[in-house]
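Me: I would like to learn how to read a few features of a protein model, one step at a time. Could you take me through them with the structure in view?

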Amino acid sequence: MVTGAVPGFGHSISHSHRRTKRRWNPNIQKKRYWVPSLGRQVTLTLSVRGIKTIDRRGIDAVVRDIQARGIKL
């Protein structure tokens, strides 16, 4: 919800150089935060990079940006 992380796609390449499809999944976590501006707790689906972003910028600023994009919390 914060960083827009999506799975990455590519190939696994074997020793004989055969290619098979694979996918790299982001490290997605569900985390609850108390948001003082809303006066309640919100549950966000975040990547670990998104959790670090919230630690840096603060939950109020991040929630404001999410709501500006039209995502309902």
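Reply: Let us begin with a term: contact means that heavy atoms lie within 4.5 Å. This is a predicted model, in which local features need pLDDT of at least 70 and side-chain atom pairs count only at pLDDT 80 or more, while totals for chains, interfaces and linings use all residues. Residues are numbered from 1 along each chain as its sequence is written, and side-chain values use heavy atoms, with hydrogens and water left out.

Me: Which residues does Thr53 touch, not counting residues up to four places away in sequence?

Reply: With those neighbours set aside, Thr53 touches Val2, Thr3 and Gly58.

Me: Is Thr53 buried or exposed?

Reply: Buried means under 20% relative accessible area, exposed over 50%, and partly exposed in between, using a 1.4 Å probe and protein chains only. Thr53 has a relative accessibility of 12%, so Thr53 counts as buried.

Me: Where is Thr53 found?

Reply: Helices (H or I, at least four residues) and strands (E, at least two) are DSSP runs, numbered from the N terminus. Thr53 belongs to helix α1.

Me: What joins the side chains of Ser47 and Thr3?

Reply: A polar contact is a pair of N or O atoms within 3.5 Å; within protein, one must be able to donate a hydrogen and the other to accept it, and residues adjacent in sequence count only if both atoms are side-chain atoms. Here the side chains of Ser47 and Thr3 are joined by a polar contact of 3.1 Å, and Ser47 itself sits in strand β4.
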